Amino acid sequence: MSLQAFEPRDDDRRPPASDLLEIVQRGLRAKLKQLPSWLFYDERGSQLFEQICEQPEYYLTRAEIALLDVHAAEIADVLGPDVRLVEYGSGNAIKTRLLLEHLSSPVSYVPVEIASASLKASVERMAEQFPRLPMQPLYADFTRPLRLPIPPRAPRRTIVYFPGSTIGNFEQREAIQLLRKMRDEMGMAGGILVGADLKKDVATIEAAYNDRAGVTAEFTLNMLTRINRELGCNFNLAAFRHRSHYNPLAGRIETHIISLCEQKVRVGRMQASFAEGEAMLVEYSCKYSPADFAGMAAKAGLEVAQVWFDPEVLFSVQYLVR
Ligand code: AVJ
């Protein structure tokens, strides 16, 4: 599946239903069935993701915020004055605020977002707290080459900010492509500030994707609800379950939807057959050691200039330069 196909989007710029049907049919015709993870993020899915972030087992968001609580001033110092901050996605108001608060005379804030409602909401929120900061929202798919708006004055550096370990949703080859694209966009003096979840004991990682309250399971299965609604399919939600396991060789969480019985599902003109226990891949969440991440960055022509960790060393923020 292409890089783009795995990227979160939401309802207001989804592909037309016919494209969506094709994507789903292609994913279900494959020998190993798979569906792209951006299909999670319809309105309900985005709500459920916010709820995941509040679950006691989902340490990622809390750890990244704790990291910024401790280190944002130092990070801002390393980035230096007169930064143009380009954020991939705009759903990270708390983290972005923690960073912006410490930046000295930022030139502009450029949130890049494919969901126009989220983009608008985040610009309005930011404008309240930073009334003098120029905002240049860019309505675009950040997996595609971007045409950045002309800044109000010359920045010393362009920083691409990609928090949340969303990079972990991409397979290594795709992640490297994405880093290369960021490298092009940041220019010669620029840098990339990217959140990356760390390898750690398997029980901690697996618990984060199998919360006791079942919010993650609901989030996963909501993809089928969305497909039913938008494509008129007849997935029976009671006949499927969520499964997230850590694959230690690949260093990633692999989330599947499992068919609980032998069954057929209507997908447009096609019938998809499921065997009992058959798994459909819906998400990777890659975990990195500092060395893993440095190796991946190197393949994109980037060097890790600095890494910060939260106090419990669960999560990292990596600063990459040419
Ligand atoms: C938003 C991609 C960082 O992979 O941890 C959370 C999405 N999926 N629980 C992640 C997610 C299941 C999340 N990212």
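Analyst: The following account begins with the chain and then turns to the sheet. This is a predicted model, in which local features need pLDDT of at least 70 and side-chain atom pairs count only at pLDDT 80 or more, while totals for chains, interfaces and linings use all residues. Residues are numbered from 1 along each chain as its sequence is written.

The chain has nine helices and twelve strands; helices (H or I, at least four residues) and strands (E, at least two) are DSSP runs, numbered from the N terminus. Of the 322 residues in the chain, 43% are buried, a residue being buried if 20 or more other C-beta atoms, placed from the backbone, lie within 10 Å of its own.

Strands of a sheet pair through backbone hydrogen bonds, either parallel or antiparallel. Here three strands form an open sheet in the order S6-S7-S10, with antiparallel pairing; two strands pair if DSSP finds at least two bridges between them. Strand S6 (240-247) and strand S10 (279-286) each have a single partner strand and stand at the edges, so one side of each lacks a neighbour in the sheet. From one strand to the next, the twist averages 20 degrees.

Eight bridges join S6 and strand S7 (residues 252-259) in the antiparallel sense. Asparagine 247 stands opposite arginine 252 in S7.

Helix H8 (residues 215-231) packs on the sheet and touches S6, S7 and S10; contact requires C-beta atoms, placed from the backbone, within 7 Å. The direction of H8 makes about 120 degrees with that of S6. Axes are lines fitted to C-alpha atoms, for helices over the stretch in contact, and angles run from 0 to 180 degrees between N-to-C directions.

Definitions and conventions:
A residue is buried if 20 or more other C-beta atoms lie within 10 Å of its own, exposed if 12 or fewer, and partly exposed in between; C-beta atoms are placed from the backbone. Two residues are in contact if their C-beta atoms, placed from the backbone, lie within 7 Å.
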